[in-house]
Amino acid sequence: MLFNKKKEDFDVNEVLESDKEAGGGLRQLSGTLGLVTAILCFTLSAFSIYVNGFMNIQEMYRNAIFFTFITVLTFLLYPATKKSSRTKASIVDYVWVVLGLSGGLYILFNYYTIHNVKMSEPTTVDYVFAFIAIVVLLEVARRAIGLFIPILSFIALFFAYFGPWFPGMFGHAGFTFKRILYRLYMTTEGIFGMTFSIATTYIVIFILFGAFLNSSGATRLFNDVAMAIAGQRRGGPAQVAVISSALTGMLSGSAVANVATTGTFTIPLMKKLGLKPRFAAAVEAAASTGGMIMPPIMGAAAFIMAGFLGVGYNVIVLAAIVPALLYYASLIIAIDIEAKKQGLKGISKENIPDVLQVIKERGILIIPIIVIIVTLMIGKTALFAGFAGIISSIVASWLTKDKTNRIDIKKATIALIEGARGAIQVSVACSVVGIIIAVITMTGLGSTLAYNIIELSGNNLAVILLLIMITSIVLSMGLPSTALYIVVAVTAAPALIEAGVNPIAAHFFVFWFGALSNITPPVALASYTAAGIARADAMQTSWTAVKLCLPGFLLPFMIVYNPALVTQTTTGDPAAIVDVIIAFLTTLLGVFALSVATFNFFNIKLKIIERIGMFIAAFLLIEPSILTGIAGGIVTIVVLATNITRAKKYRQSEVKNNTEEVSA
């Protein structure tokens, strides 16, 4: 059983305090080095605000300065190995710091000379510093985001150089070592390219917005609101986890960070009320993974997706709303069915916050999110929205009754430092994937892969989607949201677009499955993080999370077959609001049918024919045609009516038997 039926009273604050876990990959520095690192972080945040808000600086110079900061900070904050000190930097770290400084500062002071004095004919010294910068970046990436991306980048470089030796469709003319170094280091088409530019502008400003909003106490507000809304429902703590993770995910966009933030509250809460540790962890992992597809930030992928597709950021945000709502709706439905199946009750009323009181005291902290959404909807830029969010977070914090939430100079300083620390990983990812993007562009590998996937599938869209699904999950394993999106966007998405899929739907498809790699074994970082907090078996947690998210695995297919779910038509034009509403309702019905079939329960356990019927109904509702939609709806209604009738007869029979026993 996943639940215990016993209902217990407990103190929420006591749970919060007793189950918090500390830790993480960053060093905990103190003394002079800690002060120096804090000053560097503060300066990086201040620089980002200045160049994006008040100064017009050339892209290459901004990126070179930012690159220098993040390389130095990575070597100071991220240990080289698991055995390295977590409290101080080593001599080797300082050597890497010097190399990082040389690689970043050299291009900063010589970029003009290389292109305007040397007329784009670099010298040996230029190439030496290019080589240093790329080696430094690969080491920075290894420390900050793991081995996979550096290895993939090295393979890309190998492929670019040894092109003539590759067989068949992968063969190409090849590029000289100097040509590769020039493209990667001395132009804006490599490590200082588009993805890194997005990191140094939109992403860093929104990370700072999240840091300021968190300083205002908004995260606790989200938890309290979620508790007030869902705490008394069946499976209340699990429903709280879903809602609070959705709200928090709007800001963090990182599945692992979301688990670490909300999981320390929700997982103990679920365990306290009787959920088994693996199920509690699975619920949190699944809910937190949804934060990556939750607008407005979507793990910073929204900004990069807008850049890749050449559309406005607000188009991506609008497109993400319906899929995100459907994902979380599917989780809530699944949890509710399992709670009904096990007869679980909610949290007792005396332990539920008064929603009106919570909103009265701290509801104003939601204003910054409203400001962000409104500024984007009226056509302002993402940068403008980010700055408006930061300012409104500060203002809102001073309008609450709780003085501890107010962002004064000290809290603002801490927010700037934490914002810079939070920007390191995503910035490193955006820079290092520039190597992969440059090689794919130079060699035409993207077009080659797209063509051959279509050929291999026999131009069958269903087969193409299955192949791309597997590819996206495998390529994304272990990667943060920004890096995984870029990787699948340049390798997998072109095949879908070539097959005639709407471009926005294609990019959502690959990103969605990339996000789901966080709960998919064997490399399921969100599941493993949640399992650690819950003290549960990591692999069992992963498979339970997959089961919970099964409707979520179906949603990307529905998006491809019915682009109205991302506010698009098959021709790429904006969809009519009526089409979007119809698509939402039919897909919601399909998600519900699949959840009932997966958990094998509605009012009573399904018979095998009922379960098959619900699976058939779910798959009929993938296809957006009127005929399949009506058929799917009829099958769902018939099965549910049959199940309700059987459940009613069963209960009447139980009552009759109990009455006879009492009479006897």
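A pocket here is an open set of points on a 1 Å grid over the protein atoms alone, where a 1.4 Å probe fits, with protein on both sides within 12 Å along at least five of seven lines.

The model is predicted: local features need pLDDT of at least 70, side-chain atom pairs count only at pLDDT 80 or more, and totals for chains, interfaces and linings use all residues. Residues are numbered from 1 along each chain, and side-chain values use heavy atoms, without hydrogens and water.

I then listed the lining of the second largest pocket (residues with an atom within 4 Å of a point). It has 20 residues, and F170, L445, L449, L475 and T491 are the closest to the pocket centre. Helix α19 gives the largest share, five residues. By class I noted 17 nonpolar, three polar and no charged residues; charged means Asp, Glu, Lys and Arg, nonpolar means Ala, Val, Leu, Ile, Met, Phe, Trp, Tyr, Cys and Pro, and the others count as polar.

Next I checked cysteines. I found zero disulfides, a disulfide being a pair of cysteine sulfur atoms within 2.5 Å. Why is C41 too far for a bond? Its closest cysteine sulfur, in C430, is 18 Å away. C41 counts as buried at 1% relative accessibility, where buried means under 20% relative accessible area with a 1.4 Å probe, protein chains only. C430 is also buried, at 0%.

Note on methods: Helix = DSSP H or I, 4+ residues; strand = E, 2+ residues; numbered from the N terminus. Buried < 20%, exposed > 50% of the residue type's maximum accessible area, 1.4 Å probe, protein only.
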